[in-house]
Amino acid sequence: MAATFEFSGRIARPVEEVYEAVADPQHLSRYFTTGGAQGRAETGATVTWSFHDFPGSFPVSILEAESPRRIVLRWEAADSATHPDGPYETTTTLSFEGLEDGRTLVRIAEQGFRDDASSVHASYGNCSGWMQMLCAMKAYLEHGVNLREGMFA
């Protein structure tokens, strides 16, 4: 069975603000993409994300951007360059739900990993990275703190 994952967390900010923290490259660059982000997350766009902990820039295809509800993206799997069956992509869905108390429930799910040890290992890395992104976004939006600053460079 191919690896997939989903998790969630709550951020004490309105749903529109939380959505923009992912869609707007200026915000994303302040807490997640340590090497910067280029391009707004809009349906049909290809944006670029860079990280100090992984060399190079990553093209990210935005399959769907429905403000302020969800962003669906596709990008090359972490083990794609070395996978024996060749390159492949995974799909990540970020969902944003405004709660009655003014907070936002953020759900992140990724699927499309292949059914082998290499891909399962890659899924663990991605799950860890997305959880770190969610924690960093919470610290940034609620307290103005960049948890990833200086962490990898």
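Colleague: Which strands does helix H3 lie across, and at about what angle does H3 run to E1?

Modeller: This is a predicted model. In it, H3 lies across E1, strand E3 (46-51), E5, E6 and E7. Relative to E1, the helix runs at about 10°.

Colleague: In what order do the seven strands of the open sheet stand?

Modeller: Strands of a sheet pair through backbone hydrogen bonds, either parallel or antiparallel. Here the pairing is antiparallel. The edge strands are strand E1 (5-11) and strand E2 (36-38), each of which pairs on one side only. Neighbouring strands are turned by 20° against each other on average, direction ignored, and the order is E1-E7-E6-E5-E4-E3-E2.

Colleague: Helix H1 also packs on the sheet; what angle does its direction make with that of E6?

Modeller: H1 comprises residues 15-23. Its contacts are with E1, E4, E5, strand E6 (89-98) and strand E7 (104-111). The direction of H1 makes an angle with that of E6 of about 155°.

Colleague: Which residue in E5 stands opposite Ser61?

Modeller: E4 and E5 pair in the antiparallel sense over five bridges. Opposite Ser61 stands Arg74.

Colleague: Which residue in E6 is the bridge partner of Trp75?

Modeller: E5 and E6 are joined by seven bridges in the antiparallel sense. Within E6, the partner of Trp75 is Thr90.

Colleague: Where E6 and E7 form a hairpin, which residue in the turn has a positive phi?

Modeller: E6 and E7 pair in the antiparallel sense over eight bridges, and Thr91 has Gln111 in E7 as its bridge partner. Five residues lie between the two strands of the hairpin. In the turn, the residue with a positive phi, of about 95°, is Gly102.

Colleague: Which element gives the most to the lining of the largest pocket?

Modeller: The largest pocket has a volume of about 520 Å³. Among its 22 lining residues, the closest to the centre are Phe54, Trp75, Ala78, Gly125 and Asn126. Strand E4 (54-66), strand E5 (70-76) and helix H3 (117-143) each supply at least two residues of the lining. With eight residues, the element that gives the most is H3.

Conventions
Residues are numbered from 1 along each chain as its sequence is written. This is a predicted model: local features need pLDDT of at least 70, side-chain atom pairs count only at pLDDT 80 or more; totals for chains, interfaces and linings use all residues. Side-chain values use heavy atoms; hydrogens and water are left out. On a 1 Å grid over the protein atoms alone, a cavity is a set of points where a 1.4 Å probe fits but cannot get out, and a pocket is an open set with protein on both sides within 12 Å along at least five of seven lines; lining residues have an atom within 4 Å of a point. Grid points are joined across faces, edges and corners, and a volume is the space filled by probe spheres set on the points. Helices (H or I, at least four residues) and strands (E, at least two) are DSSP runs, numbered from the N terminus. Two strands pair if DSSP finds at least two bridges between them. Axes are lines fitted to C-alpha atoms, for helices over the stretch in contact, and angles run from 0 to 180 degrees between N-to-C directions. Contact means heavy atoms within 4.5 Å.
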